[in-house]
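I open this notebook to record what I looked up in the structure, going from the overall make-up to single residues.

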Amino acid sequence: MPLFDSLYNFAHWLTQNREEAEDLVQETYAKALRGFASFQPGTNFRAWIFRILRNTFLTSRSGLAATKTVPLESDDDQKPAVAVSDETPESILLEQAGQQQIQDALEQVPAIYREVLLLCDVEEMSYQEIAETLAVPIGTVMSRLYRARKALRAALEEKMREAKHA
Amino acid sequence: MPDDTWQPKLDQYLDSELSAEEMRGMDAHLRECASCASEALRRLQLKRATHLAGQRYAPSAEFRRRIEKQVAAKGRPRRVLLWVPVLAVAMLLLASVVTIGRWYERTRSQQLLAELADIHVADLASPTPVDVVSSDRHTVKPWFQGRLPFTFDLPELEGTGYKLVGGRVAYLEHEPGAHLLYDVGAHHISVFIFRDRPEIERVFPARDSSRRVLSFHVESWAAGGLRYFVFGDASLESIQGLGRLLKQAGA
């Protein structure tokens, strides 16, 4: 089935709930089948079906709740991607952090940033594909990615601090 | 000390989103600037960790069956306008198969190449990038005896401009292989030799191919049941030149 595992993984990350993720994927396939005429051959199928899933999520109850927690920084305010902190190099941080801690940290990243991180680093979409999926300009993709990585790193450092004091 | 010109572009560089010219510029800068090279390595490690950690949720078999039924039901013949849903489903499946196939191969090959890029970068950053230090192939090759379940031939390099630095054992998806380090000019080139496996052959179907990953040049081929990767930031000509010498040695 087309992109089934990827869509489910993305849906579960968005909804944080197995049943809601299943409903979301099911509705996505239903909409894709109904609206296949709107898919333009030659355009990106993956971006198209991920966009359906995301739009479906945004109009769901949990999606509407997630969009209420929008960070204060503006998307257009793109900052240079300098190192977040030189005190804890990734090599040491990642060596100490287990997969579970990285996943926990990823969960703490705001949804608007987590989705762009998942599309870029997990689904390995290009910036253009992500822009098509999220229906935003490429500049916005870049600034969200910058903030997403910064937030992930901060959450990871926090997890490590908690683990040290536990 | 962060570099204001290049550091803001590091994420785009690691996401392969810079133009070819900017990629070359960044390559050259990273060879010169230890601060940016170290920062690039950190970000690459975080990106790889995110990639693995992000693949967290898998659908249940029951749910998969349910969706398959749903898709199949949509494709069931109807009396009215029978051809419309059938054609739609066929087109969807065709587009999906092509897209998924290409995407899977691209993802798998990118994963393998990214793993090699990690080894190449991490070993170069290490204070001891090789475990056997010698420019003599008759010293380096025997060092792998008893360490690898296969053997290979190394070329004579006199007068070629290439210099053998040494080697160590590397692991690609838990399979041991040889990691040889060569110098040409100021560039370091890694040569990886592993047993060829169907999983690797599927994503590198061509017996001989050149690619770019994270702006590194990669030459790969299969010969005698072994899979070779020549990997580095040197020019494509230099990478291919070393590849030719290795192929001649193995012929």
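Read along its sequence, chain A follows the pattern α-α-α-α-α-α-α-α-α, and I counted 9 helices and 0 strands in it; helices (H or I, at least four residues) and strands (E, at least two) are DSSP runs, numbered from the N terminus. Chain B, by contrast in content, has 8 helices and 7 strands.

This is a predicted model, in which local features need pLDDT of at least 70 and side-chain atom pairs count only at pLDDT 80 or more, while totals for chains, interfaces and linings use all residues. Residues are numbered from 1 along each chain as its sequence is written, and chains are lettered from A and ligands numbered from 1 in the order in which they are written.

**Burial and contacts**

I looked up burial next, where a residue is buried if 20 or more other C-beta atoms lie within 10 Å of its own, exposed if 12 or fewer, and partly exposed in between, with C-beta atoms placed from the backbone. Of the 166 residues of chain A, 44% count as buried, and in chain B buried residues make up 29% of 251.

For contacts I used the rule that two residues touch if their C-beta atoms, placed from the backbone, lie within 7 Å. Among contacts in chain A between residues at least 6 apart in sequence, 73% join residues at least 24 apart; in chain B, residues 24 or more positions apart account for 58% of the contacts with a separation of 6 or more.

**Nonpolar cores**

A nonpolar core is a set of buried Ala, Val, Leu, Ile, Met, Phe, Trp, Tyr and Cys residues joined through C-beta atoms within 7 Å. I noted that the largest one has 49 residues, and that Ala11(A), Ile49(A), Leu53(A), Val116(A), Leu117(A) and Ile130(A) touch the most other members. The elements that give two or more residues to this core include H1 (4-15), H6 (99-108) and H7 (111-122) of chain A as well as helix H3 (34-54) of chain B. Apart from this core lies another, of 43 residues, among them Met26(B), Leu116(B), Phe144(B) and Val191(B).

Which residues does Ala11(A) contact, leaving aside its neighbours within four places in sequence? I found Ala21(A), Leu24(A), Val25(A) and Leu53(A).

**Helix packing**

I then took helix pairs, with axes being lines fitted to C-alpha atoms, for helices over the stretch in contact, and angles running from 0 to 180 degrees between N-to-C directions. H1(A) and H7(A) pack at an angle of about 165 degrees, with their axes 10 Å apart. That makes H1(A) roughly antiparallel to H7(A), since angles under 35 degrees count as roughly parallel, over 145 as roughly antiparallel, 65 to 115 as roughly perpendicular and the rest as oblique. Phe10(A), Trp13(A) and Leu14(A) in H1(A) meet Ala111(A), Arg114(A), Glu115(A) and Leu118(A) in H7(A).

Across the two chains, the axes of H6(A) and H3(B) come within 9 Å and cross at roughly 90 degrees, which makes H6(A) roughly perpendicular to H3(B). The contact is made by Gln99(A), Ile102(A), Gln103(A) and Leu106(A) of H6(A) and by Ala49(B), Leu52(B), Ala53(B) and Gly54(B) of H3(B).

**Strands of chain B**

Two strands pair if DSSP finds at least two bridges between them. Strand E1 (residues 132-133) of chain B is joined by 2 bridges to the antiparallel strand E2 (residues 162-172) of chain B, and Val132(B) stands opposite Gly167(B) in E2(B). E2(B) is in turn joined by 10 bridges to strand E3 (residues 175-184) of chain B, also antiparallel, with Ala170(B) opposite Gly177(B). E2(B) and E3(B) form a hairpin with 2 residues between them, where Glu173(B) in the turn has a positive phi of about 50 degrees.

Strand E6 (residues 216-223) of chain B has 6 of its 8 residues buried, so E6(B) is largely enclosed by the rest of the structure. E6(B) pairs with strand E7 (residues 226-232) of chain B in the antiparallel sense over 7 bridges, Ala223(B) having Leu226(B) as its bridge partner. In their hairpin, which has 2 residues between the strands, Gly224(B) takes a positive phi near 60 degrees.

**Positive phi in loops**

Most residues other than glycine have a negative phi. I therefore noted Glu124(A), in the loop between H7 and H8 of chain A, with phi near 55 degrees; Glu124(A) is partly exposed, with 18 other C-beta atoms within 10 Å.
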